[in-house]
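Here is a short briefing on one protein model. Keep the sequence and the 3D view open while reading.

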Amino acid sequence: MKLLYTGKTKNVFALDNGHYLLKFKDDCTGKDGVFDPGENSIGLTIEGVGDVNLRMSIYFFEKINAAGIRTHFVGADLKETTMEVLPAKVFGKGLEVICRYKAVGSFLRRYGEYVAEGADLPAYVEMTFKNDEKGDPLVTKDGLEVLGVMTAKQYDDIKAMTQKITRIVADDLKEKGLTLYDIKFEFGYDKDGEVMLIDEIASGNMRVYKDGQYIDPMTLSQLFFR
């Protein structure tokens with residue numbers, strides 16, 4: 001295997017068959033030793049985090065693939081904490097796609113004078129550039145097209161896929177007595193420009209509540225697999 005990229009929570013290797021291998025780590029983003037999925041730097045190491053993030057990713061990727069929605073997921077090895085994936089290019093220098101069911105977090109900070117905290121949102125989709133220094137700026141469909149980051153069709157495909165995937169995740173959590181408020185995804189595209197879901201689907205990428213109380217990612221993982 002050839003190491004291609006060293007990430008904050010995963011390393012990426014190239015396989016001989018043309019696929020990639022993601023090696024999940026126990027490193028977590030945070031600050032001053034406190035776990036925080038919103039932070040941009042590694043703050044601590046928690047034993048078993050890589051394993052539970054991989055398990056949740058496998059669980060949802062298999063569900064999403066079964067629903068006929070394209071992802072990069074090929075298979076996984078829990079013993080090695082690795083996931084084999086199809087090769088994909090990221091949009092621009094990295095793009096995050098957020099789907100929101102409730103007005104909380106950065107959405108509320110931006111638009112709080114127009115909406116009440118916790119108000120229902122209609123599977124609202126927004127995209128941000130991954131840029132720590134600029135605070136992950138929002139970008140519109142027109143902006144993405146003008147900048148040459150993606151085509152209008154790719155944007156529409158991503159939006160539709162995001163809403164379908166979010167419904168799958170939300171319905172599954174609901175069966176466990178949990179309520180999804182928002183979730184963050186990453187998408188890429190293959191050599192033909194076809195869009196696919198990439199990266200991971202883990203507790204650190206979603207905001208979930210139980211009986212009106214926020215559930216931190218570590219607790220969410222424990223509740224999910226108990």
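Glu126 has a relative accessible area of 5%, so it falls under the 20% limit and counts as buried. The model is predicted.

**Glu126 and its surroundings**
- Glu126 belongs to strand S11, which covers residues 120-129.
- Its side chain forms a polar contact with the side chain of Arg110, at 2.6 Å.
- Arg110 is also listed among the residues that Glu126 touches, leaving out those up to four places away in sequence.

**Asp32**
- Asp32 sits in the loop that links strand S4 (27-31) and strand S5 (34-35).
- Is Asp32 buried or exposed? Its relative accessibility is 74%, over the 50% cut-off, so Asp32 counts as exposed.
- Asp32 and Leu22 are 10 residues apart along the chain, and 27 Å separates their C-alpha atoms.

**Helix H1**
- Helix H1 runs over residues 49-66, 18 residues in total.
- At 1.5 Å a residue, H1 should span 26 Å; the C-alpha atoms at its ends are 26 Å apart, so the two values agree.
- Which residues of H1 are buried? They are Val49, Gly50, Val52, Asn53, Leu54, Met56, Ser57, Ile58, Phe60, Phe61 and Ile64.
- An α-helix has 3.6 residues a turn, so residues three or four places apart point the same way.
- After H1 comes Gly68, with a positive phi near 85 degrees.

Notes:
Residues are numbered from 1 along each chain as its sequence is written. This is a predicted model: local features need pLDDT of at least 70, side-chain atom pairs count only at pLDDT 80 or more; totals for chains, interfaces and linings use all residues. Side-chain values use heavy atoms; hydrogens and water are left out. Helices (H or I, at least four residues) and strands (E, at least two) are DSSP runs, numbered from the N terminus. The expected span of a helix is 1.5 Å times one less than its number of residues. Buried means under 20% relative accessible area, exposed over 50%, partly exposed in between (1.4 Å probe, protein chains only). A polar contact is a pair of N or O atoms within 3.5 Å; within protein, one must be able to donate a hydrogen and the other to accept it, and residues adjacent in sequence count only if both atoms are side-chain atoms. Contact means heavy atoms within 4.5 Å.
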